[in-house]
Amino acid sequence: MRALRGAAVALFALSSAAGALEFSASELRQIAQHSPLPAPPADPTNAFADDAAAALLGQELFFDERLSAAGDVSCASCHVPSRGFSNGARLGIGASGATTARHVPTLLNTAYNRWYFWDGRADSAWSQATQPLEGPTEHAGNRLQIVRTASRIPPIRADYERVFGDWPDFDDARRFPERASPRPYDAANVRAWNAMAPADRHAVDRVFTNLAKALAAYQRQLVSRDSAFDHFAAQLASGSDADAIPESAQRGLRLFLGRGNCRLCHSGPNFSDGEFHDTALPRSGGLRDTGRFGGIRRLLADPFNSSGEFSDGVRPELRFVFARRDSSGEFKTPTLRDVARTAPYTHTGQFATLRELLRFYSTRENVPRTHGESGVIRRLDLSEAELDDLEAFLRTLDGAPLPEHLLVAPGSDQTIVPSPRPQ
């Protein structure tokens with residue numbers, strides 16, 4: 001007991017550092033749980049996750065528009081480096097101007113994710129990467145077109161073979177049709193895929209998933225850390241003058257930890273519990289999005305999930321996943337790191353600014369009465385001054401700029417910054 005009392009005294013002493021509010025021992029322990037951000041956890045599903053050559057190949061693929069069906073979009077078209085690897089628009093704009101059903105989530109800190117997409121329909125970064133390549137509102141490609149196109153781009157082919165070995169010959173039209181894919185977006189593509197020999201389909205899938213693993217290796221390097229908040233937390237921990245964030249942001253931090261209870265979902269160093277919640281967003285038109293319920297069903301049916309033959313290891317979480325009716329309408333808690341750079345907000349993209357988002361969670365305006373108060377999110381009725389403080393704190397979570405060489409296609413001399421198309 002004496003040792004615990006001494007530790008509490010020491011924590012209170014830190015709160016007296018110049019420039020800081022007087023945080024309680026409990027608050028200081030909570031602050032320490034949010035910083036610093038550790039190294040990303042290992043990815044057992046991807047043997048090439050930390051391979052520098054694979055990451056370089058993935059970076060080439062990320063910025064190359066030629067892999068899309070019409071040659072008009074790349075991964076960077078929606079995940080724009082200068083916009084926090086989101087796109088600054090309410091929804092994604094894909095091939096030939098097609099619109100995605102949900103807002104484009106940031107790629108920053110996805111290395112810490114357990115689940116991918118807003119609905120968690122993928123359980124690895126590489127499995128996630130396979131889906132936009134063939135998605136009709138994203139790249140709109142098909143598996144044969146993608147691997148054949150990539151094989152005909154000399155730098156990509158050379159870098160692929162440096163990492164994964166020889167590229168199979170897909171030029172025999174009798175075995176490998178021009179267009180074929182098992183994804184149910186085009187009946188002719190599915191028929192062509194089913195007509196292929198199993199060994200040929202396997203060869204295509206192997207190259208396709210290797211490309212996705214390279215993309216994941218590149219995205220694993222997109223880590224936001226070293227924010228003003230991190231400096232502030234380090235100052236508190238060391239007992240030095242805690243002045244890295246202004247007093248308004250410190251008051252916002254206190255709200256975040258206390259009355260706002262934001263840390264219940266936005267927990268840990270990445271400011272996300274990585275799980276799924278129904279926050280009862282106001283309907284923005286159209287049918288109800290089933291969210292996690294539909295995502296789990298797609299995850300379990302996906303041959304590229306971590307239990308499939310193309311995975312290098314199983315994610316243990318997959319063994320305990322099953323579809324629950326009460327998960328309908330739940331969506332993944334996004335990281336708050338770099339949140340000020342990734343507007344608009346939520347899976348619908350319906351809140352244009354941080355202030356609009358915070359005001360909704362404060363007032364719960366237009367939340368259906370049938371939803372009620374879950375005990376997780378309650379109406380706060382924050383004053384304008386309190387909203388100012390909470391917003392000021394969230395803006396301290398923007399990390400240090402990423403290295404410039406990660407923001408461009410390899411060999412480029414300027415950043416590729418596609419502009420979001422108007423909706």
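Let me begin with a question: leaving aside neighbours within four places in sequence, which residues is phenylalanine 62 in contact with? Keep in mind that this is a predicted model. The list for phenylalanine 62 is Ser74, Cys75, Ala76, His79, Phe85, Leu107, Leu215, Tyr218 and Gln219.

Phe62 belongs to the largest nonpolar core, which has 52 residues. The residues with the most contacts inside that core are Leu61, Phe62, Phe85, Val204, Leu211 and Leu222. At least two residues of the core come from each of helix H3 (52-62), helix H4 (75-78), helix H5 (125-134), H6, helix H7 (154-164), H8 and H9. H9 gives the largest share of this core, ten residues. There is also a second, separate core of 34 residues, and Phe229, Ala233, Ile245 and Val339 are among them. As background, nonpolar side chains tend to be buried together in soluble globular proteins.

Next, helix H8, residues 187-195. Its buried residues are Asn189, Ala192 and Trp193. They span an arc of only 100° around the axis, so they sit on the same side of H8. The background here is that an α-helix has 3.6 residues a turn, so residues three or four places apart point the same way. On the face of H8 turned away from the buried side are the exposed residues Arg191, Asn194 and Ala195. The cover over the buried residues of H8 includes helix H6 (143-151) and helix H9 (198-219). At the N-terminal end, H8 is capped by aspartate 186, with a side-chain oxygen 2.9 Å from the backbone nitrogen of alanine 188.

Now to helix H13, residues 354-363, where we find leucine 354. Is leucine 354 buried or exposed? Its relative accessible area is 2%, so leucine 354 is buried. Not counting residues up to four places away in sequence, leucine 354 touches Val339, Ala340, Tyr345, Glu391, Leu394 and Arg395. Val339 we have already met, as a member of the second core. For the pair leucine 354 and arginine 395, which are 41 residues apart along the chain, the C-alpha separation is 9.3 Å.

The loop between strand E2 (331-332) and H13 holds proline 344, and the peptide bond from alanine 343 to proline 344 is cis, with omega near -5°. Threonine 346 is found in the loop between E2 and H13 as well. Its phi is near 75°, a positive value in a residue other than glycine. Threonine 346 has a relative accessible area of 13%, and therefore it is buried.

Some related backbone details occur elsewhere. The peptide bond from serine 35 to proline 36 is cis, with omega near 0°; proline 36 is in the loop between H2 and H3. Asparagine 109, in the loop between H4 and H5, has a positive phi, near 65°. At 1% relative accessibility, asparagine 109 is buried.

Last, glutamine 30, which lies in helix H2, residues 25-32. Why does glutamine 30 count as buried? Because its relative accessibility is 18%, and buried means under 20%. Leaving aside neighbours within four places in sequence, glutamine 30 is in contact with Leu257 and Arg263.

That is the end of the walk-through.

Key:
Residues numbered from 1 in each chain as written. Predicted model: local features only at pLDDT ≥ 70, side-chain atom pairs only at ≥ 80, totals over all residues. Heavy atoms only, no water. Helix = DSSP H or I, 4+ residues; strand = E, 2+ residues; numbered from the N terminus. Buried < 20%, exposed > 50% of the residue type's maximum accessible area, 1.4 Å probe, protein only. Contact = heavy atoms within 4.5 Å. Arc of directions from axis to C-beta. Polar contact = N/O pair within 3.5 Å; in protein donor to acceptor, adjacent residues only side chain to side chain. Core = buried A, V, L, I, M, F, W, Y, C linked by side-chain atoms within 4.5 Å.
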